[in-house]
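Visitor: I have a structure on my screen and would like to learn how to read it. Could you walk me through it?

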Amino acid sequence: MHSIPYLVEKICSHFGNEASLDGCRAHEIMAKYRRLYRPGRTYFFTLVTHNRQKLFVNEDARSRLRLAIECEQERRPFDMPAIVLMPEHLHCIWRLPEEDSNFSVRWACIKKAFTKSWLAEGGRENSVPEYRAKYRERGVWQRRFWEHLIRDQQDYASHMDYIHYNPVKHKYAKCPHKWKYSSFHRWVKEGIYRPDWHCVCNENKDIPNFDDISKSIGE
């Protein structure tokens, strides 16, 4: 149950009524599913580092990823209302421009730019199998990524909450406000979330339930 009842009205006003359009795909094997490209739509993404190495405990890695994303936004614009950066993965929400559905190119360029910058400065990587090395793949990112086409405003709100609760779920923080690498703090300033949203600092033991989106998060 969401503790921010006006989330839909305040942040989703840009979203439009998409309840009648295509919803989430079935939970298929990553290597076999076909991506849904819908111009101007909103997507939830999950990206994971190669073998879940904890690259983003490093401030330099975090900075280089942020720069790669910002540079790509300048080349191929998109809105990113929510993001959380964890040590070995990230979740975010994008809204693409009208007449544009190519999130795959954007992510390919972001991953490539980060990898090139990171390794050029001596950043670590995992070893990769010979068949991947043959295609000049590096041991920085997991192959591919997960995307979910947001169905409607409730789906949007659920994935926003999932993103901002993720550090608590993975036990990297006791409360959402204690994790610095998240858009949660921006939305607190905007009045969307309360600073103590699902916070245990005051003996609050309210744990959000994300069963309704369990097949769309890619973790």
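Guide: Here we go from the overall layout to one helix, and then to some of its side chains and a few aromatic rings. Keep in mind that this is a predicted model.

Visitor: Okay, the layout. How many helices and strands does the protein have?

Guide: You'll find 6 helices and 4 strands. Reading from the N terminus, the order is α-β-α-β-β-α-α-β-α-α.

Visitor: What percentage of the residues count as buried?

Guide: Of the 219 residues, 47% are in that class. The accessible surface is about 11800 Å², and carbon and sulfur atoms account for 50% of that. As for the contacts between residues at least 6 apart in sequence, 72% join residues at least 24 apart.

Visitor: Let's pick a helix. How do I read the span of α5?

Guide: Compare the end-to-end distance with the one expected from the residue count. Helix α5 covers residues 153-169, which makes 17 residues, and it reaches 23 Å from first C-alpha to last, close to the expected 24 Å.

Visitor: Where in α5 is the kink?

Guide: Look at Ile163: there's a kink of about 35° there, shortly before the proline Pro167.

Visitor: And what happens at the two ends?

Guide: At the start, a side-chain oxygen of Asp152 comes within 3.2 Å of the backbone nitrogen of Gln154. After the helix comes Lys171, with a positive phi near 65°.

Visitor: Is α5 largely enclosed or open to the outside?

Guide: Count its buried residues, meaning those under 20% relative accessible area. In α5, 14 of the 17 residues are buried, so the helix is largely enclosed by the rest of the structure.

Visitor: Which side chains make polar contacts with the side chain of His164 in this helix?

Guide: Ser183 does: the side chains of His164 and Ser183 are joined by a polar contact of 2.7 Å. A polar atom of the His164 side chain also lies 3.0 Å from the backbone oxygen of Met160. His164 is buried, because its relative accessibility is 0%. Setting aside residues up to four places away in sequence, His164 touches several others, among them Ala82, Phe184, Tyr193 and Trp197.

Visitor: How far apart are His164 and His91?

Guide: In sequence, 73 residues; in space, 9.3 Å from C-alpha to C-alpha.

Visitor: Last topic: aromatic rings. What describes a pair?

Guide: You use the distance of the centres and the angle of the planes. A search of the whole structure here finds 24 aromatic pairs. In one of them, Tyr172 and Trp179 have ring centres 5.8 Å apart and planes at 45°, so that pair is tilted. Tyr172 is partly exposed at 30% relative accessible area, while Trp179 is buried at 12%.

Visitor: How is the pair of Phe184 and Tyr193 arranged?

Guide: That pair is tilted too, at 5.2 Å centre to centre and 50° between the planes. Phe184 is buried at 0% relative accessible area, and Tyr193 is buried at 2%. For a cluster linked by ring pairs, look at Tyr37, Tyr43, Phe45, Phe78, Trp94, Phe103, Trp107 and Phe145.

Methods
Residues are numbered from 1 along each chain as its sequence is written. This is a predicted model: local features need pLDDT of at least 70, side-chain atom pairs count only at pLDDT 80 or more; totals for chains, interfaces and linings use all residues. Side-chain values use heavy atoms; hydrogens and water are left out. Helices (H or I, at least four residues) and strands (E, at least two) are DSSP runs, numbered from the N terminus. Buried means under 20% relative accessible area, exposed over 50%, partly exposed in between (1.4 Å probe, protein chains only). Contact means heavy atoms within 4.5 Å. Accessible areas come from the Shrake-Rupley method with a 1.4 Å probe; for residues, only the protein chains shown count as cover. The expected span of a helix is 1.5 Å times one less than its number of residues. The bend at a residue is the angle between axes fitted to the seven residues ending there and the seven starting there. A polar contact is a pair of N or O atoms within 3.5 Å; within protein, one must be able to donate a hydrogen and the other to accept it, and residues adjacent in sequence count only if both atoms are side-chain atoms. Rings of Phe, Tyr and Trp (its six-membered ring) pair if their centres lie within 6.5 Å; planes under 30 degrees apart count as stacked, over 60 as edge-to-face and the rest as tilted.
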